[in-house]
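Me: I'm new to this one and would like a walk through it. Could you take my questions one at a time?

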Amino acid sequence: MYLLRRSPHRMVWSTPEKRFESKNTNPGRLIMKIGIIGSGGVAKTLGAGFLKYGHEVMLGTRSVEKLADWSKQNSRARIGSVADTAKFGDVILLAVKGLAASEAMRSAGAANLAGKCVIDTTNPIADAPPVNGVLKYFTTFDESLMEQLQREFSGAKFVKAFNSVGAAGMVDPKFASGKPTMFICGNDNASKKVVTGILDQFGWETADMGKVEAARAIEPLCMLWCIPGFLNNEWNHAFRLLR
């Protein structure tokens with residue numbers, strides 16, 4: 001269970017085991033320790049975004065040298081092993097290739113993930129070229145990658161997010177048509193509230209699609225998002241839910 005409380009002078013974020021408080025910050029701002037598993041473009045972009053909004057950040061990787069330049073530009077961030085990063089984070093962000101997601105989570109360690117919100121940015125993209133702009137997935141429409149991860153790592157509280165837009169548009173997106181929509185899902189409502197708060201901070205509208213099974217519909221949005229890019233080299237777009 002996550003408890004969010006804000007006042008003009010302090011924000012408190014807590015679980016039954018821990019309580020975190022940040023004083024004298026901007027009203028409404030929630031400061032958290034974010035452990036990011038990954039060293040690619042998504043990990044770097046979101047890591048810089050979390051730092052921008054005052055969060056404590058650690059990136060976990062098997063190849064520290066991949067983050068050497070990024071670390072120089074983002075000196076407040078910590079760099080370490082995947083296990084140490086999972087232990088550090090109160091919220092974990094999984095930002096690796098879909099084919100490597102299970103292995104990365106195993107490296108993180110079940111004990112380090114237990115009870116924590118895990119923001120799942122992954123998509124089940126197969127190691128194959130797109131056909132007429134359409135990516136190939138290694139999952140079926142009857143089971144998403146996030147369902148597989150949630151079943152294997154049952155102690156973690158997965159929330160699908162950030163999988164349906166390119167890294168360049170993940171933080172403070174600017175579109176002439178207005179604020180874009182990020183579709184999320186997951187079994188734990190408290191964790192989804194945490195992710196909704198992050199998305200709001202990053203400039204997104206959130207649409208909660210329900211339980212983990214909804215990832216079967218959300219993960220294929222990556223396919224749709226990529227088609228204009230592969231066919232016409234158009235990558236600057238996002239989805240928006242109209243009501």
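Predicted model: local features only at pLDDT ≥ 70, side-chain atom pairs only at ≥ 80, totals over all residues.

Me: How many helices and strands does the protein chain have?
Reply: Helices (H or I, at least four residues) and strands (E, at least two) are DSSP runs, numbered from the N terminus. Counted that way, the protein chain has nine helices and 11 strands.

Me: What share of the 243 residues in the protein chain is buried?
Reply: Buried means under 20% relative accessible area, exposed means over 50%, and partly exposed is in between (1.4 Å probe, protein chains only). By that rule, the buried share of the 243 residues is 51%.

Me: In what order do the six strands of the open sheet line up?
Reply: Two strands pair if DSSP finds at least two bridges between them. The edge strands, each pairing on one side only, are β6 (78-80) and β9 (157-160). The pairing is parallel, and the order is β6-β5-β4-β7-β8-β9.

Me: By what angle are neighbouring strands of this sheet turned against each other on average?
Reply: Axes are lines fitted to C-alpha atoms, for helices over the stretch in contact, and angles run from 0 to 180 degrees between N-to-C directions. For neighbouring strands of this sheet, with direction ignored, the average is 25°.

Me: Which residue in β7 is the bridge partner of Ile34?
Reply: Strand β4 (residues 33-37) pairs with strand β7 (residues 91-94) in the parallel sense, over four bridges. Along that pairing, Gly35 sits opposite Ile92 in β7. The bridge partner of Ile34 is Val91.

Me: At what angle does helix α6 run to β9?
Reply: Helix α6 takes in residues 145-152 and lies across β7, β8 (117-120) and β9. Its angle to β9 is about 170°.

Me: Is Ala43 buried or exposed?
Reply: Ala43 belongs to helix α1 (residues 41-52). Contact means heavy atoms within 4.5 Å, and, not counting residues up to four places away in sequence, Ala43 touches Ile36, Gly38, Leu59 and Ala95. Because its relative accessible area is 0%, Ala43 is buried.

Me: How far apart in space are Asn187 and Val159, C-alpha to C-alpha?
Reply: Asn187 lies in the loop between β10 (181-184) and α7 (189-201). Leaving aside neighbours within four places in sequence, Asn187 is in contact with Gln150, Phe158, Lys211 and Val212. Asn187 and Val159 are 28 residues apart in sequence, and in space the separation is 7.7 Å.

Me: How many salt bridges does a search of the whole structure find?
Reply: A salt bridge is a side-chain nitrogen of Lys or Arg within 4 Å of a carboxyl oxygen of Asp or Glu. One of them is between Glu103 and Arg62 (3.1 Å, N to O). For the whole structure, the count is nine.

Me: How many residues apart in sequence are the parts tied together by Glu147 and Arg216?
Reply: The side chains of Glu147 and Arg216 meet in a salt bridge at 2.8 Å, N to O. Glu147 lies in helix α6 and Arg216 in helix α8 (residues 215-218), so the separation of the parts they tie together is 69 residues.

Key:
Residues numbered from 1 in each chain as written. Heavy atoms only, no water.
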